[in-house]
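Have a look at the structure first, then read on.

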Amino acid sequence: DNSASRTNYVALLLTALLRHRYKGTKPLGAFSGNMPQLGKTLAVKIVCIIAEGHTGTPINYSSNEEEFEKKIVAAIRTRDILFIDNVKASTGRTIESASLEKLVTASRATFRILGTSENLDRDNVILTCVTMNHARFGPDLISRSLPIEFYREETEESEPQKFSIQDLEAWVVEHRQQITEE
C-alpha cells in the first residue's frame, strides 16, 4: 500500500489537465519501480491520454547533456508532455540533467533548435515524466518531483501487472471525455 504514490499520481493527473493555466514550474513525474512490468509506462501513457488525447512518443535518456537536450527539443516542439521512458539505472549512476531542471522550473521553455541559429521559445506548459527501475535522481531533480513508486514482491516469475480492466489504455482513450469532465 503506497498512498503517497497514489496521491502524487492524482496530483500529476490534475497538473496535466490544468497545465495551460499555470505556466512555469511543474513537478517532474518520477516513476520508479523495483522490477520491470509493474505498469510505470502505462501510468505515464494514461497521463498523456488524459492530457493530450494520445499516448505520445517516449524519448530515451542520455547522460550526454548536449545529445539529451536535442531529444528534448525535438519532443517539445509539438507536445506538452515530455515522456522519458525506461531509463537504465544499471550503471548505478544518478540521473541529473540541467536541461530537465530548467524545463521543470522555467516559465518559458527556451532551447536552441538543432541545425539552426533559432531558439524554440514557448510558454512552459510542459509536464515531464520519467520511468525507470530503481530510480536514483540527483537532489535538484528529486526536490522538484512527484515520486510515484511501484513495488511488488519479487518472485521467480516476473509477470506483467494485471488490472481489472483488460486493456486499460484503450479504456482510458474511450472514456477520456468522461474522465476529464469528472
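The notes below cover a helix pair and then a pocket.

This is a predicted model, where local features need pLDDT of at least 70 and side-chain atom pairs count only at pLDDT 80 or more, while totals for chains, interfaces and linings use all residues. Residues are numbered from 1 along each chain as its sequence is written, and side-chain values use heavy atoms, leaving out hydrogens and water.

**The helix pair**

- Helix α1 (residues 3-18) packs against helix α2 (residues 40-52) at an angle of about 30 degrees, and their axes are 8 Å apart.
- That makes α1 roughly parallel to α2 (angles under 35 degrees count as roughly parallel).
- On the α1 side, Y9, L12, L13, A16 and L17 meet A43, I46, V47, I50 and A51 of α2 (contact means heavy atoms within 4.5 Å).
- Sorted by class, this contact of α1 with α2 has ten nonpolar residues, no polar ones and no charged ones (Ala, Val, Leu, Ile, Met, Phe, Trp, Tyr, Cys and Pro count as nonpolar, Asp, Glu, Lys and Arg as charged, and the others, Gly among them, as polar).

**The largest pocket**

- The largest pocket has a volume of about 540 Å³.
- Its lining has 18 residues, and R6, L38, I148, E149 and F150 lie nearest the centre of the pocket.
- The elements giving two or more residues to that lining are α1, α2 and β6 (145-150).
- Helix α1 gives the largest share of the lining, four residues.
- By class, the lining of the largest pocket splits into eleven nonpolar, four polar and three charged residues.

Terms used:
Axes fitted to C-alpha atoms, helices over the stretch in contact; angles between N-to-C directions. Parallel < 35°, antiparallel > 145°, perpendicular 65-115°, else oblique. 1 Å grid on protein atoms, 1.4 Å probe; cavity = no way out; pocket = protein on both sides within 12 Å on 5 of 7 lines; lining within 4 Å. Points joined across faces, edges and corners; volume = space filled by probe spheres on them.
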